[in-house]
Structures are given as structure tokens and as C-alpha cells.
Amino acid sequence: MICSILDNDLYKLTMQMAVLELFPQASAEYRFTNRGKQRFTPEFVEELKRIIKEDIPLLQLTDDEYRWLREECPYFKPSYVEYLKNYRFDPSEVSVSLNEENDLDLVVKGPWHSSILWEITLMATISELYFDMIETDWKNYDKNTGKGYHELLKDYGKLMEKIGVQLEQNNCSFSEFGTRRRRSSEIHDVAVRVLHKCKAFSGTSNVYLAKKYGVKPTGTIGHEWIMGNSALIGMRNANLFALEKWVDVYKGNLGIALSDTFGSEPFFRNFNLKLSKLYDGVRHDSGDPLVFADRVITHYKKMGIDPLSKVVVFSDSLSAANAIEIKKMCEGRINSIFGIGTSLTNNHEFFRESPPLNMVIKLHSVNNIPVVKLSDDEGKETGDKDALRVANYIFGRKGLDD
């Protein structure tokens with residue numbers, strides 16, 4: 001189910017290098033949250049445990065992958081690529097069980113620089129295993145016509161071709177961001193194999209598939225970088241600390257700032273002139289995308305920066321239709337590119353009777369200090385209940401008793 005140690009999102013590797021350089025002694029804990037209605041079985045949990053214990057620890061960087069990273073990802077320091085070459089997943093960092101509600105109790109705990117790679121690997125495994133063991137009718141595809149799995153892959157490729165044409169016709173530049181909730185590694189491969197031929201395709205977050213198809217691996221940071229900094233350096237100005245530390249490590253490379261960890265308002269208060277000029281743009285991952293675009297444009301103009309010299313990366317639960325609509329609204333005002341995920345690797349319209357899992361694995365604490373994500377959507381808040389109360393109070397979103 002996991003093809004390679006590089007069968008992971010680029011931002012996990014870039015954050016791993018930053019953690020190694022700046023916070024090598026930090027410990028971290030991650031927790032699984034199931035936001036959907038799907039449930040699991042004892043047999044599922046036993047097979048997941050086996051994969052965690054026996055299969056995933058076998059993954060290691062090959063000589064060919066090592067050379068490719070050195071050549072194609074110059075922002076990775078040689079010392080980090082050497083570290084990755086010697087890296088092995090440690091199954092003792094993961095505990096998983098089935099609770100009374102037939103949901104997963106899954107915790108990852110260990111050194112931050114080591115445990116950081118589990119998130120996407122586990123989510124992709126959980127998703128594929130679920131559709132391989134529990135919800136399996138989709139593999140029969142169409143009982144009325146007799147179409148089976150082979151025809152399903154062909155038809156899925158045709159859907160991806162159609163989506164690629166739509167985006168290309170609208171000059172809508174996009175990357176594939178769908179590793180974590182993909183239906184299977186095979187369907188993920190079909191999507192990238194078809195879409196990478198599209199002129200509007202700008203890359204994939206999946207490093208293994210980027211190498212396989214000769215495209216750009218895309219991504220910068222995730223919420224956990226800012227969340228971790230909030231515990232280690234301070235919460236109120238965590239965006240500022242995290243963005244400045246990122247520049248210290250990457251010297252201007254990978255310059256897209258993630259804006260919504262604690263909501264947009266605290267971000268823009270910290271996104272000063274220096275950072276606004278240094279970073280190529282910002283990423284939107286929650287809240288109304290058009291309201292956010294207006295907010296970004298206003299911010300850049302206030303700083304005396306031409307918005308058309310910057311870019312917004314939109315990545316919040318997008319479909320091709322959403323991306324095209326947002327692109328039209330941004331036209332002539334600010335540049336826009338799109339990270340499209342689950343609708344490419346587990347398309348809900350194609351699998352109408354079998355929706356994707358709605359799950360996350362989020363950083364829960366660093367050095368035993370609880371961390372939270374607030375976002376611009378209240379439904380996306382994650383973290384310890386008391387820590388959320390404090391964070392909402394610190395950032396002026398709610399009173400302590402609200």
C-alpha cells in the first residue's frame with residue numbers, strides 16, 4: 001500500500017529537516033480523529049497493526065531515490081538526505097486499538113524528527129485498507145454491465161482526463177494533493193499518470209510519484225510547524241516565529257506561508273513587511289476563499305506590494321469546478337494556483353455510494369505541551385479542550401467561558 005519511503009507528501013520531509021535542524025530534542029504526540037461515520041472492525045485493526053509492525057519499517061531510501069533528491073530538491077541539505085537514507089519507521093512509536101464505538105484509538109508518540117513521517121503514511125494506509133477490507137462493493141464497479149476493477153481504472157483515468165481538460169481550458173494551474181485520503185495507491189497512480197500530461201498541471205505533493213513521472217514535488221509547510229512553534233517558542237506570535245524560523249532554514253526557498261493555523265487575523269498581524277516581501281505568497285486552507293483573497297489583496301496593498309507579484313495557493317477541499325470559480329474571481333487581481341486533493345484520488349462523484357474517509361491525524365502536543373489548530377472554520381478546530389479555550393482567548397476569538 002505504501003510504495004516507497006518517498007510515498008509521502010513533500011511538506012512532511014521539508015518540516016522534518018527543519019525540526020532536525022532547530023528542535024532536534026523535541027518530542028511529539030499525534031492523535032487520529034475520525035470526522036465521518038465510517039467505522040472499523042477487529043480484523044481491520046489486526047491487519048493495520050501487522051502493516052505498522054512488519055511492512056512499513058522495511059521502507060528505506062534507495063540509492064536511486066537518494067540521487068534524485070540530491071539533484072531535484074536542492075533545498076534539502078546533504079546532511080538531511082543522509083539522515084533520510086538511514087531513517088527507518090519505528091513501529092514502537094505507534095499504538096492503535098478499537099474502542100467501544102468501533103472507531104480507532106490511534107496515537108503516534110516519539111521524537112518529533114522521527115515521528116513526523118507517520119501521519120501521511122498511516123492515513124494513506126488506513127484509507128486503502130478500509131476500502132480493501134470493509135467497504136469493498138466498489139471493486140465490483142458495475143454489476144449491470146459486468147464491468148469490473150480493470151474497467152474501473154480505465155474509466156477513472158477518463159474522468160481524470162476530463163478534469164485536466166477543464167482546468168487547462170480555464171488556465172487553472174493546479175497540483176495534486178491527495179495522498180492522505182486516496183482510495184488506493186493504484187488509483188492515485190492513475191490520477192497522476194493521466195493528469196501530469198495536462199499543461200495546467202504544476203506538480204504533486206507525493207514525492208514518489210513526482211519522481212516516477214518526472215514532475216515537480218510541491219508543498220512547503222503544514223499546520224504542525226506553526227503549532228509546534230507555539231509550544232516551543234510562544235503562542236501569541238507563533239506565526240511570526242514559525243515563518244522566521246522557516247526562512248532561517250530554507251533561505252527563501254519554499255516560500256508559501258500557511259495562514260489559518262490560529263485564524264487569519266493573528267496571521268496577518270504577524271505577516272509584516274519583511275515577511276510579506278520574503279514569501280512568494282500565502283496558502284488558504286479554511287474559510288471563504290473569496291473573502292480570504294480580498295483580505296490578502298488588501299494586506300499586500302497596505303504594505304505597498306503589488307498583489308500581482310504574489311500568489312495565493314488555495315487548498316481547502318477543492319474540486320475542479322471550485323478551483324475554476326475561484327480563479328475567475330482572482331483574475332487580474334492576484335495570482336492563484338490550486339492544490340486539489342481527495343477529488344482527484346478518491347473522487348466522491350465517481351464513487352457515489354462509497355464516500356472517502358473524513359479523517360485527520362494531527363499534532364496533539366510537543367514536549368508534553370498541548371497544541372491546537374483553530375483555523376477559519378470552527379468545525380476544523382483540533383486539540384485538547386482546555387488548550388482550545390486558552391488559545392481562543394489569547395487570539396481574541398472567544399472569552400474563557402464561551
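Modeller: Val-282 stands opposite Val-312 of strand 8 in this predicted model. Strand 7, residues 281-284, and strand 8, residues 311-314, run parallel and are joined by four bridges. Strands of a sheet pair through backbone hydrogen bonds, in either a parallel or an antiparallel manner. Here, the open sheet is built from six strands in the order 5-4-9-8-7-6, with parallel pairing. Its edges are formed by strand 5 (201-204) and strand 6 (256-258), each of which pairs on one side only. From one strand to the next, the twist averages 25°.

Against this sheet, helix 15 (residues 320-330) lies across strand 8 and strand 9 (335-340), and its direction is at about 170° to strand 9. An angle over 145 degrees counts as roughly antiparallel, so helix 15 and strand 9, at about 170°, fall in that class.

Helix 3 (residues 63-72) packs with helix 4 (residues 78-86) at an angle of about 160°, and their axes are 10 Å apart. The two helices are therefore roughly antiparallel to each other, and helix 3 passes helix 4 in a right-handed crossing. Helix 3 makes the contact through Asp-63, Tyr-66, Leu-69 and Arg-70, while helix 4 contributes Pro-78, Val-81, Glu-82, Leu-84 and Lys-85. By class, this contact has five nonpolar and four charged residues, with no polar ones.

Methods:
Residues numbered from 1 in each chain as written. Predicted model: local features only at pLDDT ≥ 70, side-chain atom pairs only at ≥ 80, totals over all residues. Heavy atoms only, no water. Axes fitted to C-alpha atoms, helices over the stretch in contact; angles between N-to-C directions. Parallel < 35°, antiparallel > 145°, perpendicular 65-115°, else oblique. Left-handed = near helix turned anticlockwise from the far one by under 90°. Contact = heavy atoms within 4.5 Å. Nonpolar A, V, L, I, M, F, W, Y, C, P; charged D, E, K, R; others polar. Pairing = 2+ DSSP bridges.
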